[in-house]
Amino acid sequence: MDRELFIQPSVRIRNLEKKLLTKSQFERLYEADDLQDSIRHLNETVYSEDLAKIDRAENFEVALSNSLNKTYNEVLALCPVKELVDILTYRFAFHNIKVAVKEKILQEDFEHIYSKVHYEDLDNLRKQFEIEKGEKGTWYEDTVIQAYKTFEETKDPEKIEFFIDKRYFEKVLEISKRLELDLVEEYFRAMIDFVNIRTFIRCKRDEQDISILKAALIQDGYIDTEDIASYFYKDIEDLINSYKNSRIGKSLILALKGYNDTGRLLLFEKYMDNFLTNLLKEKVQRMPYGPEIIFAYVHAKEVEIKNLRICLVGRANGLSADFIKERLREIYV
């Protein structure tokens, strides 16, 4: 890939980065008196335009969703390489596949759940069940058909999740390797490790059979899936300690502590997000130009909106500032 194609887009992204929220701005949000006060502070930021379109503060989710969609539209418009766009948007494409299969199984309309970010035609996606071009059609068509066939064979909705998630990581890693985007490949391989260990913890917690774990584990992370499965009849701490010196070791230890303290995996996901953010900050912020700058900005914006959601939901429910702060992710700026 010709990196010089990204000189001008990188300049534009650097300008957009200047509008990302700072720690002090987040402090004002979670220390606000109530939701209305938080919204007032947020109105002083780049989010004012989207907030102006909602009729009441409690509808902030609409503003956040619109802002994220706007971010993707901006980025997709300036990205010179279509396959990088694919990497950025496939998460939404695979989400839509899950929704389409769920519609088919339950025979209900979930139009309101579909993501509009990805460019694939939703009507065409739904038609795949009737025309069944999957095995001869595109990988996208094949994925939705094979996912439904997985359900027909197993009658287990969880197996659909496993199948589609594996297809997602296969696809983004395939493109990352083909475009020689080493950092993006590292990002997704590290994510696979976190997802696999989170799955391991969930299976242990729910007293699932080891066969469920093996079916769920995703290949191509840095940590071998067979090695993860070998700890199934041991303590969770044994697995974490065995990888404490790995690239994600420190984050795993923090994530396990969060899980042990709360019995929930929400903090585990926080430390995964933090690791990925710091990975991008370390390697991208000093780059003069390149596709990684676009990729990192999208990650930063998604984390920012996730943090905004945590702040606003927290203030709407009267949660303490310390409680909210503890759950916020590391920011990119």
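Trainee: What volume does the second largest pocket have?

Mentor: Rolling a probe the size of a water molecule over the atoms shows where empty space is left. On a 1 Å grid over the protein atoms alone, a pocket is an open set of points with protein on both sides within 12 Å along at least five of seven lines, a cavity is a set where a 1.4 Å probe fits but cannot get out, and lining residues have an atom within 4 Å of a point. Grid points are joined across faces, edges and corners, and a volume is the space filled by probe spheres set on them. Here the second largest pocket has about 370 Å³. It is lined by 14 residues, of which Leu266, Lys306, Ile310, Arg327 and Arg329 are the closest to its centre. Helix 16 provides the largest share of this lining, five residues.

Trainee: How do the lining residues of that pocket divide into nonpolar, polar and charged?

Mentor: Ala, Val, Leu, Ile, Met, Phe, Trp, Tyr, Cys and Pro count as nonpolar, Asp, Glu, Lys and Arg as charged, and the others, Gly among them, as polar. The pocket has six nonpolar, two polar and six charged lining residues.

Trainee: How far may the model be trusted?

Mentor: This is a predicted model, in which local features need pLDDT of at least 70 and side-chain atom pairs count only at pLDDT 80 or more, while totals for chains, interfaces and linings use all residues. Residues are numbered from 1 along each chain as its sequence is written, and side-chain values use heavy atoms, with hydrogens and water left out. pLDDT is the predictor's confidence in each residue, from 0 to 100. The protein chain has a mean of 91, with 96% of its residues at 70 or more.

Trainee: Is Ser211 buried, partly exposed or exposed, and which side chain does its own contact?

Mentor: Buried means under 20% relative accessible area, exposed over 50%, and partly exposed in between (1.4 Å probe, protein chains only). Ser211 is partly exposed because its relative accessible area is 43%. A polar contact is a pair of N or O atoms within 3.5 Å; within protein, one must be able to donate a hydrogen and the other to accept it, and residues adjacent in sequence count only if both atoms are side-chain atoms. The side chain of Ser211 makes such a contact with that of Asp209, at 2.7 Å.

Key: Helices (H or I, at least four residues) and strands (E, at least two) are DSSP runs, numbered from the N terminus.
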